[in-house]
Structures are given as C-alpha cells and as structure tokens.
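This briefing goes through one protein structure for a reader who has not seen it before. It takes up pockets, aromatic pairs, salt bridges and the overall layout in turn.

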Amino acid sequence: MNIGCNLNLFYITNATEIGTVYRKAELQALREFCDAHNLWLYLDGARLATGLMSDNSDLTIEDIAHLTDAFYIGGTKIGAMSAEALVICHPALNSDFRFSLKQKGGLQAKGWLLGAQFAALFSDDLYFKLGKHLNEMASQLAAFFTEHGFDFLAPPESNQVFVILPNDIAEKLTQQFVFHRILLDDPQLSCLRLCTSWATTQQDIDDFKVKFLKLI
C-alpha cells in the first residue's frame, strides 16, 4: 500500500528564510522545472515587500503573477492587522475555491475589513515604500557589522541580517535584546537573526549601534 504523500506543489518564499531573494531567472527556471514535472508553483509572500524592494532583486509583482500558479501578498509583516491576500494565477485553481475556503473555516464574516487594508497599502505605492524603508534600515545594520569585521550566514539582501558573532558577544546581546539564535558548527560562534520592520526608525538603528559598540 502506498501511504506516502502525493507531491504536486513546489513551495518557495520570497524573501527566503535566510534573508536572500530570488532573481527573475531563478523563478523562470523553477517555472520550467514545475511544468516539466507537473507541479504547481506557489510563492509564500509573507516577506514579499522586502523581497521585491531588495537592491538585489529584478523581480516585479507582475513577474511573480506571470510565473507562479498562486502567491500571496503579505500584509502582517508590513504593518497590516492579520491581513494576507491570496492571488490565484492559474485558472484551474479557481474552481470551487470559495466553497473550499468556507468548508475549511477560512471564510470570515467580516473578512472585507482585512482586505480593506490593502486598498491603503497599495495607495501611493505605500506597500513598496515600506518595503524599501525596512530594507534600508537592514542595510545600515549589515554595513555596520561588515565595518567591524563580522561575517554573515547568508548575504544580507532583505530586512533580515544573520550576523555571526563570538559567543561572548552574542550572550551579552541576548541579555538586552530578543534574538533568534542559531547554533553553528563552530562551538565558539553563534548566529543572531536581526529583522527590521516598517516601524524601525533611524533612532532605533543608531541606538543599537551605540549599545553594540559598548559590548565589544
């Protein structure tokens, strides 16, 4: 008896879990792979704003709509209140979608209140301006760490900076800030994940730099 899963979906996220971003050529290659293997291509857009507005990205939201079968536009990580917008690109996925949504408890009686937030986010390019802002804040952090000789788990390309620090510095930082800490093969080092947001201010960045320098 075959008790395995029926694999028919290729799932990616942009920006990725380690802060890198997809290039258009990479997404095109994935599209070709999925077509060749009869797979749906789905893009998780929780961090879509930071991914699209990265200096390393040549993707547009139109490219994503053309190359994926479905994706979603993340609102929560860009300041919205629990709002995510699913975009179905392949017409075959539209069949009975609303019925399936309701059957699985996903249809909210006042769901339009969540959707209304996107009207504001896409007015005057606010969504993209916020994405650019949080990337600029993260870029300052990355440049600061580079200036002081620290390396990264992955190239900083979005609002996530994965800096590698000696354990003693990492321990001091975690006493003052909340971090996602990643253990590395080298027992003397730790990787700390720093994220900037739509609400991060220049003062926040400057204050962090001052506190960090006092620790080293």
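In this predicted model, the largest pocket holds about 570 Å³ of space. Its lining is made up of 19 residues, and Glu84, Leu86, Phe97, Leu101 and Gly106 are the closest to its centre. The second largest pocket holds about 280 Å³.

**Largest pocket**

- Strand 4 (84-88), helix 4 (97-103) and helix 5 (112-121) each give at least two residues to the lining of the largest pocket.
- By residue type, the lining of the largest pocket has nine nonpolar, seven polar and three charged residues.

**Second largest pocket**

- The residues that line the second largest pocket are Leu141, Phe177, Val178, Phe179, Arg193, Leu194, Cys195, Thr196, Thr200, Asp204, Ile205 and Phe208.
- Strand 8 (189-195) and helix 8 (202-215) each supply at least two residues of this lining.
- Eight residues of the lining of the second largest pocket are nonpolar, two are polar and two are charged.

**Aromatic pairs**

- The whole structure contains 14 aromatic pairs.
- One of the pairs joins Tyr127 and Phe128, with 5.7 Å from centre to centre and 85 degrees between the planes, an edge-to-face arrangement.
- Tyr127 and Phe128 are both buried.
- The ring centres of Phe145 and Phe208 lie 6.2 Å apart and their planes stand at 75 degrees, so this pair is edge-to-face.
- Phe145 belongs to helix 6 (residues 126-147) and Phe208 to helix 8, so their pair ties together parts that are 63 residues apart in sequence.
- Phe145 and Phe208 are both buried.
- Phe208 is also among the residues that line the second largest pocket.
- One aromatic cluster is formed by Phe144, Phe145, Phe150, Phe177, Phe179, Phe208 and Phe212.

**Salt bridges**

- Side chains of opposite charge can pair when their charged atoms come close.
- Six salt bridges are present in the structure.
- In one of them, the side chains of Arg23 and Glu157 meet at 3.0 Å, N to O.
- Arg23 sits in the loop between strand 1 (9-13) and helix 1 (24-36), and Glu157 in the loop between strand 5 (151-152) and strand 6 (160-166), so the pair ties together parts that are 134 residues apart in sequence.
- The side chains of Asp69 and Arg31 meet in another salt bridge, at 3.2 Å, N to O.
- Asp69 is in the loop between helix 3 (61-67) and strand 3 (70-74) and Arg31 is in helix 1, so this pair ties together parts that are 38 residues apart in sequence.
- Asp69 counts as buried at 5% relative accessibility, and Arg31 is buried with a relative accessible area of 13%.
- Arg31 and Asp69 are linked with Asp35 in a network of salt bridges.
- Arg181 forms a salt bridge with Glu171, and their closest N and O atoms are 2.9 Å apart.
- Arg181 lies in strand 7 (residues 180-183) and Glu171 in helix 7 (residues 167-174), so the pair ties together parts that are 10 residues apart in sequence.
- Arg181 is partly exposed, with a relative accessible area of 30%, and Glu171 counts as partly exposed at 37% relative accessibility.

**Annotated span**

- An unreviewed UniProt entry carries the annotation "domain: Aromatic amino acid beta-eliminating lyase/threonine aldolase", which covers residues 9-165.
- In the model, the end C-alpha atoms of residues 9-165 are 37 Å apart, and the span is 41% helix and 18% strand.

**Overall layout**

- The protein has eight helices and eight strands.
- Its C-alpha trace spans about 60 × 45 × 35 Å along the principal axes.
- Of the 216 residues in the protein, 39% are buried.

Notes. Residues are numbered from 1 along each chain as its sequence is written. This is a predicted model: local features need pLDDT of at least 70, side-chain atom pairs count only at pLDDT 80 or more; totals for chains, interfaces and linings use all residues. Side-chain values use heavy atoms; hydrogens and water are left out. On a 1 Å grid over the protein atoms alone, a cavity is a set of points where a 1.4 Å probe fits but cannot get out, and a pocket is an open set with protein on both sides within 12 Å along at least five of seven lines; lining residues have an atom within 4 Å of a point. Grid points are joined across faces, edges and corners, and a volume is the space filled by probe spheres set on the points. Helices (H or I, at least four residues) and strands (E, at least two) are DSSP runs, numbered from the N terminus. Ala, Val, Leu, Ile, Met, Phe, Trp, Tyr, Cys and Pro count as nonpolar, Asp, Glu, Lys and Arg as charged, and the others, Gly among them, as polar. Rings of Phe, Tyr and Trp (its six-membered ring) pair if their centres lie within 6.5 Å; planes under 30 degrees apart count as stacked, over 60 as edge-to-face and the rest as tilted. Buried means under 20% relative accessible area, exposed over 50%, partly exposed in between (1.4 Å probe, protein chains only). UniProt positions are given in the numbering used here, feature names are shortened, and annotations may be inferred rather than shown by experiment. A salt bridge is a side-chain nitrogen of Lys or Arg within 4 Å of a carboxyl oxygen of Asp or Glu.
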